[in-house]
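Notebook open, structure on screen. I'm jotting down what I looked up, one topic at a time.

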Amino acid sequence: MPINLSNTRLFQGIDEEEIASLLQCLQARERFYKKGDVIFAEGTVTENIGVVLSGMAILSSVDIWGNTSILGNVPSGGVFA
């Protein structure tokens with residue numbers, strides 16, 4: 001179940017109507033990912049931020065030998081870039 005954006009730290013204290021206006025102004029779009037999908041590859045340069053609406057995003061790094069290290073996670077309502 002997706003979260004209410006007004007309950008996130010990024011949009012805390014902002015009315016739902018204002019959030020909708022902000023999202024439209026910022027040309028926000030909703031994307032869906034399956035478990036194991038890569039959202040941003042390591043080293044990717046981006047001008048965007050993401051907000052996890054449901055589920056969790058894992059931050060990981062792969063070394064030169066192919067070993068994956070989990071660096072952290074972004075829970076529902078969290079922001080990443």
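Which residues does Thr8 touch, not counting residues up to four places away in sequence? I found Ile3 and Gly77 on that list for Thr8. Touching, or contact, means heavy atoms within 4.5 Å.

Ground rules before I go on. I'm working with a predicted model, where local features need pLDDT of at least 70, side-chain atom pairs count only at pLDDT 80 or more, and totals for chains, interfaces and linings use all residues. Residues are numbered from 1 along each chain as its sequence is written, and side-chain values use heavy atoms, with hydrogens and water left out.

**Entry: the whole chain**

Read along the sequence, that gives the pattern α-β-β-β-β. Helices (H or I, at least four residues) and strands (E, at least two) are DSSP runs, numbered from the N terminus. The C-alpha trace spans about 50 × 25 × 20 Å along its principal axes.

Next I checked burial: of the 81 residues of the chain, 15% count as buried. Buried means under 20% relative accessible area, exposed means over 50%, and partly exposed is in between (1.4 Å probe, protein chains only). I also looked at contacts with a separation of 6 or more, and 40% of them are between residues 24 or more positions apart.

**Entry: the segment before α1**

Back to Thr8, which lies in the segment before α1. Is Thr8 buried or exposed? Its relative accessible area is 3%, so I wrote down buried.

Ser6 has its place in the segment before α1 too. I found a polar contact of 2.8 Å between the side chains of Ser6 and Asn4. For a polar contact, a pair of N or O atoms must be within 3.5 Å; within protein, one must be able to donate a hydrogen and the other to accept it, and residues adjacent in sequence count only if both atoms are side-chain atoms. Leaving aside neighbours within four places in sequence, Ser6 is in contact with Phe11, Gln12, Gly13, Ile14, Glu16 and Ile19.

Leu10 also lies in the segment before α1. I noted Leu10 as partly exposed because its relative accessibility is 39%. Not counting residues up to four places away, Leu10 touches Ile49, Val51 and Val79.

I found Gln24 in helix α1. Gln24 has 67% relative accessibility, so I put it down as exposed. From Gln24 I went to Gly50, which is 26 residues away along the chain, and the C-alpha atoms are separated by 15 Å.

Then I moved to the loop between α1 (16-25) and β1 (50-51), where Gln27 lies. Gln27 counts as exposed because its relative accessibility is 64%. What is phi of Gln27 near? I read 55 degrees, a positive value in a residue other than glycine.

Lys35 has its place in the loop between α1 and β1 as well. With a relative accessible area of 87%, Lys35 is exposed. I also checked Lys35 against Ile70: they are 35 residues apart along the chain, with their C-alpha atoms separated by 15 Å.

**Entry: β2 and β3**

β2 and strand β3 (residues 68-75) pair in the antiparallel sense over seven bridges. Two strands pair if DSSP finds at least two bridges between them. I picked out Ile58, and its bridge partner in β3 is Asn73. The two strands β2 and β3 form a hairpin with five residues between them, and Gly66 in the turn has a positive phi of about 90 degrees.

**Entry: the largest pocket**

The largest pocket has a volume of about 1700 Å³. Of the 42 residues that line it, the closest to its centre are Tyr33, Ile39, Gly50, Val51 and Phe80. A pocket, on a 1 Å grid over the protein atoms alone, is an open set of points where a 1.4 Å probe fits, with protein on both sides within 12 Å along at least five of seven lines; lining residues have an atom within 4 Å of a point. Grid points are joined across faces, edges and corners, and the volume is the space filled by probe spheres set on the points.

Which strand supplies the largest share of the lining? I found β2, with six residues.
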